[in-house]
Amino acid sequence: MLRALGGGAALGALAGCGVPAAYVPASERAAADLSARDRQLTFANWPLYIDTDDDDTSRRPTLDAFTRRTGIGVRYTEEINDNDEFFGKISPALMNGQATGRDLIVVSDWMCARFVRLGWVQEMDRSRQPNVAKYLDPLLRSPHFDRGRRSTVPWQSGITGIAYNKAKIGRELHSVSDLWADDLRGRVTLLSGLDEAFALLMQGEGADITRWNTDDFHRICDRVEKLVAARHIRRFTGNDYIKDLETGDVLACQAYSGDVIQLQADKPEIEFLVPEEGAELWSESLMIPNLASHKRNAERLVDHYYDPEVAAGLAAWVNYVCPVPAARDVLASSKDEETAALAEDPLIFPDDAMRARLAIARDITDEERPELSERWNGIAGV
C-alpha cells in the first residue's frame, strides 16, 4: 500500500482510514546500543556519492580510514535511488516500531523533514561529535524543519540554479526571468519534482523561500502553466536535463550545481547561474533512524566526515557544495594542481557574494502537500 500510494499519500490515506497516527514519541525511539561490543554499523547511501579508489572501486578511502582509526567496520550499501521509494521501503518498519536494519541513512532534507515530524529519527549526541559542532557551515546549522540540526547532519549540499549554454545563447543570463526570453522558446526545461523545482521559481517571483505561503506557490504555478501552454517550456525533467544540454536541444534549464561541475569538464561553454534573486541551498543529510542498534558508532562516523581532511577528500570526489568550509584550506594546500583548483570553485565553496544569495527553503508540510502536489503534478505531467 505504501509503495503504491507514495510516501506522503500513504500517510494521508492511513489517517483517513482511522489508522492510529504514525508519530513515535521520543521515549520509544532508542534501542539497546550494541556499539561497545559490536564494532560495526550499516550505512545506506545513494549511488556514486562517496569517494572510491581509482584502481579498485570497491575501496572507499574515507571509510577505510575510519575503520583503521576506530576499529569499527562499515557495511556500506548504495540502495537509495529515490527519496519516496526509500521512504516506502523502510516506513512500514518505522511505523510499526520495528528496526530498519540500518544505523545511518542519507535522504534529501525535504524528506528528512518528514522523518523529523513523524519522530522516526533519533537526536544525535553532539558531545560525541566535536567536529560537527566546530566545522558545520553556519548556513546549514538551523533549517526550518530541524532547528539546531539536532537530528540531521548534512552529508553534501548543492545549489538549485540555472545552467545555460552561453556560447549558443550569445549573452549572459542574470535572473530567473531570463529563462522566459522569447529567443529561448522551446529550449528551456524545468525540474519535474515539486520539492526540487518550486523554491527557485518562487525566488524568481521575489518570494522569501524561508517563509513562503501557498499564495506564493500558486503564483509561480500560474506563470509556469502559461509558459507550458505557449510551448515555451520544452519539457519537465529529472537528471536527464544533462543530456539535453550536451546535445544543444536545450539552451537553459533548472539544474544542480554538482551536475554542472561534471558537465563543464567536457562542455566549458555551459555556465551555472545563481540568479540575482537568489537560489536554493539544499542538503542531503545523515540521520540515525529509530531503533538503530549501533547509534554511537554511527555518531562517530558522522563526526569523522566533519574532520576537514576527510571532508576535503570527499568533496574532491563528489564535487558538491562542501558542508565543511574548513576543507577549502586542505584542498588549497594540495600539491596536485587540479585538486588545489577545487578550492577556488564557488560551486564547491561558495564565495561571500554567492552565499549572500543562497537560502534554505521552508519545507512543504504534510497538510500542504496534497493540494500543492496535485497542482504541480498537473502542470508538469508527473
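Asn290 is placed in the loop between β9 (279-287) and α12, helices (H or I, at least four residues) and strands (E, at least two) being DSSP runs numbered from the N terminus. With a relative accessible area of 3%, Asn290 is buried; buried means under 20% relative accessible area, exposed over 50%, and partly exposed in between (1.4 Å probe, protein chains only). A polar atom of the Asn290 side chain lies 3.1 Å from the backbone nitrogen of Val121. A polar contact is a pair of N or O atoms within 3.5 Å; within protein, one must be able to donate a hydrogen and the other to accept it, and residues adjacent in sequence count only if both atoms are side-chain atoms. The model is predicted, so local features need pLDDT of at least 70 and side-chain atom pairs count only at pLDDT 80 or more, whereas totals for chains, interfaces and linings use all residues. Residues are numbered from 1 along each chain as its sequence is written, and side-chain values use heavy atoms, with hydrogens and water left out.

Helix α12 (residues 295-304) has eight of its 10 residues buried, so it is largely enclosed by the rest of the structure. The buried residues of α12 are Lys295, Asn297, Ala298, Glu299, Leu301, Val302, Asp303 and His304. The axis of α12 comes within 11 Å of the axis of helix α3 (residues 61-70), and the two cross at roughly 125 degrees. This makes α3 oblique to α12. Axes are lines fitted to C-alpha atoms, for helices over the stretch in contact, and angles run from 0 to 180 degrees between N-to-C directions. Angles under 35 degrees count as roughly parallel, over 145 as roughly antiparallel, 65 to 115 as roughly perpendicular and the rest as oblique. The crossing of α3 and α12 is right-handed; a crossing is left-handed if the near helix is turned anticlockwise from the far one by less than a right angle, and right-handed if clockwise.

Helix α4 (residues 83-95) packs with helix α5 (residues 109-118) at an angle of about 15 degrees, the axes being 11 Å apart. The two helices α4 and α5 are therefore roughly parallel, and their crossing is right-handed. Nine of the 10 residues of α5 are buried, so α5 is largely enclosed by the rest of the structure. Asp109, Trp110, Met111, Cys112, Ala113, Arg114, Phe115, Val116 and Leu118 are the buried residues of α5. Gly119 follows α5 and has a positive phi, near 70 degrees. Asp103 lies in the loop between α4 and β3 (104-108) and counts as buried at 3% relative accessibility.

Phe198 belongs to helix α8 (residues 194-204) and is buried, at 3% relative accessibility. Its C-alpha atom is separated by 9.6 Å from that of Glu280, a residue 82 residues apart from Phe198 along the chain.

In the whole structure, a search finds 24 salt bridges, each a side-chain nitrogen of Lys or Arg within 4 Å of a carboxyl oxygen of Asp or Glu. One of them joins the side chains of Arg375 and Glu225 (2.9 Å, N to O). Arg375 lies in helix α17 (residues 369-380) and Glu225 in helix α9 (residues 214-229), so this pair ties together parts that are 150 residues apart in sequence. Glu225 is partly exposed, with a relative accessible area of 40%. The side chains of Glu172 and Lys166 also meet in a salt bridge (3.3 Å, N to O). Glu172 is partly exposed at a relative accessible area of 43%, and Lys166 is partly exposed at 31%. A further salt bridge is formed by the side chains of Arg128 and Asp125 (3.4 Å, N to O). Arg128 counts as partly exposed at 35% relative accessibility, as does Asp125 with a relative accessible area of 29%. Asp53, Arg59 and Asp64 are linked in a network of salt bridges.

Asp345, found in the loop between α15 (337-342) and α16 (352-355), is buried yet has no salt bridge. The nearest side chain of opposite charge is that of Arg328, 9.7 Å away; Lys and Arg count as positive and Asp and Glu as negative, while His and the chain ends are not counted. A polar atom of the Asp345 side chain lies 2.9 Å from the backbone nitrogen of Leu347.
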